Amino acid sequence: GLCSGLAGQVMTSLMVNPPRVGDASYESFVSEEKAIYDGLVRRSRALVQGLNAIPGVTCEQAEGAMYAFPSIAIPQSACIEADKRNQTPDLMYAISLLEETGICVVPASGFGQRIGRVGFR
């Protein structure tokens, strides 16, 4: 069918109607929510720090999102090669990264970046 199962409906209800002050599970909920949030912040900072350690990659700390948006310095020769392939430089980079390492990223050109910026999400 088109509807989610009972478990999915219950979980969605709990997400949009969390426990309130005074509810038996409120303190547990707040504690778990904070632990999840703090873990996400810690992993995001580690990711950005790791990206910034790669020569030619710069990345601002993610704020309010679950992904980083690094910029990549690509040699002019690679930009020319991408043009010959009728690809954006970030698409060529993403395909190469996937083929050579198995790492999958999304080219930033699909997100309306400014002309000349090469990156991925």
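Predicted model: local features only at pLDDT ≥ 70, side-chain atom pairs only at ≥ 80, totals over all residues.
Q: How is a helix read, and what span does H4 reach?
A: Helices are DSSP runs (H or I, at least four residues), numbered from the N terminus. The expected span is 1.5 Å times one less than the number of residues. H4 covers residues 89–101, 13 residues, and reaches 18 Å from its first C-alpha to its last, close to the 18 Å expected at 1.5 Å a residue. Just after H4, Gly102 takes a positive phi of about 85°.

Q: Which residues of H4 are buried?
A: Buried means under 20% relative accessible area, exposed over 50%, and partly exposed in between (1.4 Å probe, protein chains only). In H4 the buried residues are Asp90, Met92, Ala94 and Leu97. Helix H3 (76–84) is included in what covers them.

Q: How is a pocket found, and what volume does the largest pocket have?
A: Rolling a probe the size of a water molecule over the atoms shows where empty space is left. On a 1 Å grid over the protein atoms alone, a pocket is an open set of points where a 1.4 Å probe fits, with protein on both sides within 12 Å along at least five of seven lines; lining residues have an atom within 4 Å of a point. Grid points are joined across faces, edges and corners, and a volume is the space filled by probe spheres set on the points. The largest pocket has a volume of about 300 Å³. Of the 15 residues that line it, Leu40, Val41, Ser44, Ala65 and Met66 are the closest to its centre.

Q: How do the lining residues of the largest pocket divide?
A: Ala, Val, Leu, Ile, Met, Phe, Trp, Tyr, Cys and Pro count as nonpolar, Asp, Glu, Lys and Arg as charged, and the others, Gly among them, as polar. The lining divides into nine nonpolar, three polar and three charged residues.

Q: Is Ser44 buried or exposed?
A: Ser44, found in helix H2 (residues 26–52), counts as buried because its relative accessibility is 18%. Contact means heavy atoms within 4.5 Å. Leaving aside neighbours within four places in sequence, Ser44 is in contact with Gln61 and Ala62.

Q: How many disulfides are counted?
A: A disulfide is a pair of cysteine sulfur atoms within 2.5 Å. By this rule the count is zero. The sulfur of Cys59 is 17 Å from the closest cysteine sulfur, in Cys104, too far for a bond. For Cys79 the closest cysteine sulfur is in Cys59, at 19 Å, also too far for a bond. Cys59 is buried at 8% relative accessibility, whereas Cys79 is partly exposed at 22%.

Technical notes:
Residues numbered from 1 in each chain as written. Heavy atoms only, no water. Helix = DSSP H or I, 4+ residues; strand = E, 2+ residues; numbered from the N terminus.
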